[in-house]
Amino acid sequence: MRISSGKIEGYILILMTLPLMVLGGALAFYGKEGALVFHGGLIALVTSYAIISIFRKMSEPAQNIPLEYNDGVIRAAVIMTGIWGFIGFFVGSVIAWQLAFPDLNIDLPWTNFARVRPVHTTSVIFGFGANALIATSFYIVQRTSRARLAGRFTPWMVLWGWNLFVILGVSGYPFGITQGREYAEPEWYADLIALFVWVAYLWVFLATLSRRAERHIYVANWYFLAFLIAFAMLHTFNNLAIPISLEYAKSYSLFSGVKDAMTQWWYGHNAVGFFLTASFVGMLYYFLPKAAGRPIYSYRLGIIGFWGLVFLYMWVGSHHLHYTALPDWVQVLGMSMSVILLIPSWAVVFNGFFTLNGAWHKLRVDPALRFMALAVCFYAISTLEGVFMAMKPVNALSHYTDWTIGHVHAGALGWVAFITFGSMYKLVPWVWHREGTYSKRLEAWHFWLALSGVLIYVGAMWNSGITQSLMWQTYNPDGQFAFAFIDTVDAMHPYYIARAFGGTLYLIGFCLGAYNLWLTIHPRTPIQMPDQQELKPLPTVNLNKATVKSPMSVKATETPTGPAE
Amino acid sequence: MSKLHQMIERNSLVMVLMITIVASIGGIIEIAPLFTIENTIEKVEGMRPYTPLELAGRDIYVREGCYACHSQMIRTLKTDVDRYGHYSLAAESMYDHPFQWGSKRTGPDLARVGLKYSDDWHVAHMKEPRRFVEGSIMPGYAFLADNDLDLDRAPLSLKALRMAGDPYTDKMIAEAKQDILRQADPELEGEDDLEERYGEKVQIRDFDGQPKRVTEMDAIVAYLQMLGTLIDPKQVSDKIRAEEAAKSKALKGESQ
């Protein structure tokens with residue numbers, strides 16, 4: 001891959017964006033629902049802005065592209081991670097309080113729990129999670145390949161395109177635009193945009209890898225590749241739907257009943273498996289060894305863990321459908337594979353822990369590393385817990401209860417978000433060229449608030465889930481149920497308050513973290529630049545000259561000399 | 001092994017190919033058969049596609065996100081069956097695009113809620129859940145009774161569902177709007193037409209207590225009141241069990 005002015009890339013992007021622009025215009029023109037018209041207009045606006053700016057940039061005279069890593073898009077992704085993180089955690093806390101005190105629903109269409117809940121899930125998974133992944137994967141793939149990110153426009157299209165998708169999602173739910181599929185709620189037109197973005201993301205990643213100056217692809221990138229490929233498959237098949245017209249946002253799933261359930265949970269569990277696990281393991285495999293200053297413990301465990309995870313995750317979705325109308329053989333198969341899945345999961349866990357050997361003392365002084373170590377702990381706990389919950393007898397107790405919610409949040413708050421926080425505390429100083437974060441003490445406060453928050457949350461949910469399930473199953477001696485359903489709801493009240501309290505602690509911790517990083521980026525006092533030398537603009541290369549060189553020599557000159565890695 | 005892997009990890013395209021293959025296996029083995037094996041969904045008498053009014057109600061159910069708190073899937077467990085009725089059969093959700101089995105019971109299961117409560121109870125409960133069920137944490141849905149139902153959507157919905165494989169006829173699509181009115185307004189003529197198209201179990205009445213209007217409340221109550229009422233699951237499962245017993249008997253006979 002040569003350095004290019006991006007002419008071909010630009011035209012391809014414009015060609016791919018044009019249909020989306022037309023689609024947006026059509027939705028805005030024909031739409032009968034206010035929210036749909038807004039969505040159409042937004043799509044048309046964003047895509048036309050993208051097309052115009054690509055044209056403008058392309059028509060500028062061939063300029064010198066600095067020979068350095070492309071960190072601008074990473075910085076933007078970090079900011080978006082913070083914004084979506086706040087929205088996601090804030091809305092999560094609000095709906096947790098709604099469950100504890102139902103009057104908080106206010107009974108307006110757009111404030112009721114069930115319409116707002118997907119705002120929470122989408123914001124944290126596809127807003128906070130995905131932006132963190134875009135930031136870290138773009139960082140990691142450049143450093144471990146020693147190559148500048150491929151594409152002049154595409155990385156930006158990936159970032160803003162994806163955020164457009166998330167905005168379309170969360171702004172639609174309060175107005176009733178949803179597919180009614182958990183974790184795949186955005187309607188068909190948003191899904192099309194997501195697919196377009198995803199293909200672009202995969203291209204950026206592969207093109208960057210193809211210009212790498214290292215022979216081997218680093219293990220973190222394997223996981224990102226798996227995440228990119230698997231999610232493309234999952235997203236495409238699970239969102240096959242027939243729109244009723246351009247006037248309404250509504251579409252109907254192509255599948256129905258049992259088949260739809262299986263497809264949805266094949267997607268649903270692998271959104272967890274690949275979106276919230278594989279990719280974050282990639283983050284772990286770079287940031288943990290960097291922060292600990294230790295090499296990864298085992299290459300072999302890395303290989304076993306990776307292929308085991310890629311192979312096994314796709315089988316286990318059916319454990320969400322135990323004792324349902326899904327054929328029994330699929331349930332048993334899903335259960336069995338869920339048990340085996342512990343092996344690759346814990347291969348990662350052991351690799352993480354053993355990598356920390358020799359660096360455990362750093363946990364005392366480095367809250368970021370503490371976040372990462374605890375993330376591995378929570379990963380270990382929730383994967384083990386997941387095995388149990390996937391077994392039919394345990395599932396008979398846990399399914400339909402808050403235990404599932406507790407399990408998900410042990411994974412999401414404890415594993416996914418902790419590894420993200422730990423990585424962000426390292427990444428932000430690196431990409432903004434700071435010596436460290438603004439305050440280690442604030443980092444530590446964030447850590448302890450977040451940890452107490454998760455423990456209270458998960459503890460409350462374990463208790464409420466098991467309590468409620470046992471109450472549902474309690475019979476009087478005469479064979480009647482001891483508790484009416486509403487009795488079991490009453491019993492949840494204290495736990496729901498505890499959960500909302502834990503979630504609020506977590507939110508406060510997050511705000512401290514965001515404040516800390518904001519001050520890291522925008523220090524109140526001008527920072528001393530100890531290494532002015534390094535921050536001088538790096539040598540540039542003239543495009544026209546660079547492209548005539550042989551690929552090998554281009555690669556060599558292209559290898560940035562940025563911050564030492 | 002490590003030599004082989006060195007080859008994979010040095011070539012991104014080989015890696016992509018390997019990941020694609022390895023990750024596809026599980027889905028193909030578990031999902032593809034569901035589409036080809038005939039007995040995934042047993043054939044059941046009485047199942048029919050939703051009437052336009054019920055479908056509109058179902059769309060509202062999906063729109064409001066009811067599945068976040070209510071399941072529609074009674075599991076094959078004694079405690080489930082004792083509390084909610086006969087376990088759900090695959091056929092009962094065969095016209096559900098998307099399925100709404102749910103994953104959480106913050107509120108009770110609704111798979112067989114139809115005709116358990118009166119229309120008035122449903123309407124009043126939706127408007128003010130805590131007036132009737134002390135301690136309920138359900139949000140109120142009074143606004144459904146104020147919103148007129150959008151009739152224009154009905155034919156479009158039916159057409160889309162036909163493309164997805166549901167047996168809606170041209171007549172059903174053409175009459176969709178009128179059928180909504182027929183079902184929600186008993187004074188309108190044409191009840192027989194409606195029954196002819198959707199069977200005798202179609203419930204025809206004013207559901208929301210506002211006879212002059214067809215509101216979203218009409219639709220959602222019509223939907224809730226038909227849930228689980230179309231088939232007699234006990235009869236069906238007995239029949240299946242008898243067939244299977246006969247089959248295994250025949251097999252034993254052959255082997256002797």
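At 7% relative accessibility, A:Ser93 falls among the buried residues, a class that takes in relative accessible areas under 20%, with exposed meaning over 50% and partly exposed the range in between (1.4 Å probe, protein chains only). The model is a predicted one, in which local features need pLDDT of at least 70 and side-chain atom pairs count only at pLDDT 80 or more, while totals for chains, interfaces and linings use all residues. Residues are numbered from 1 along each chain as its sequence is written, chains are lettered from A and ligands numbered from 1 in the order in which they are written, and side-chain values use heavy atoms, with hydrogens and water left out.

A:Ser93 sits in helix H3 of chain A, which covers residues 72–100. Helices (H or I, at least four residues) and strands (E, at least two) are DSSP runs, numbered from the N terminus. Leaving out residues up to four places away in sequence, A:Ser93 touches A:Gly503, A:Thr504 and A:Leu507, where contact means heavy atoms within 4.5 Å.

A:Gly31 belongs to the loop that joins helix H1 (7–30) to helix H2 (34–59) of chain A. Its contacts, apart from neighbours within four places in sequence, are A:Ala26, A:Leu36, A:Val37, A:Leu246 and A:Glu247. A:Ala249 lies 218 residues from A:Gly31 in sequence, yet the two C-alpha atoms are 8.0 Å apart in space.

Turning to the whole chain, chain A contains 21 helices and four strands. Of its 565 residues, 63% are buried. Among contacts in chain A with a separation of 6 or more, 83% link residues 24 or more positions apart. The radius of gyration of chain A is 24 Å, which agrees with the value near 24 Å for a compact globule of 565 residues; this radius is taken over C-alpha atoms, and the globule rule is 2.2 Å times the number of residues to the power 0.38. Along the principal axes, the C-alpha atoms of chain A fill a box of roughly 90 × 65 × 50 Å.

Chain A also meets a partner. Contacts join 95 residues of chain A to 88 residues of chain B. The area buried between the two chains is about 8,000 Å², with 66% from carbon and sulfur atoms; buried area is the accessible area (1.4 Å probe) that two parts lose on being put together, summed over both. B:Glu30, B:Arg75 and B:Arg83 supply 9% of the area that chain B buries against chain A, more than any other three residues.
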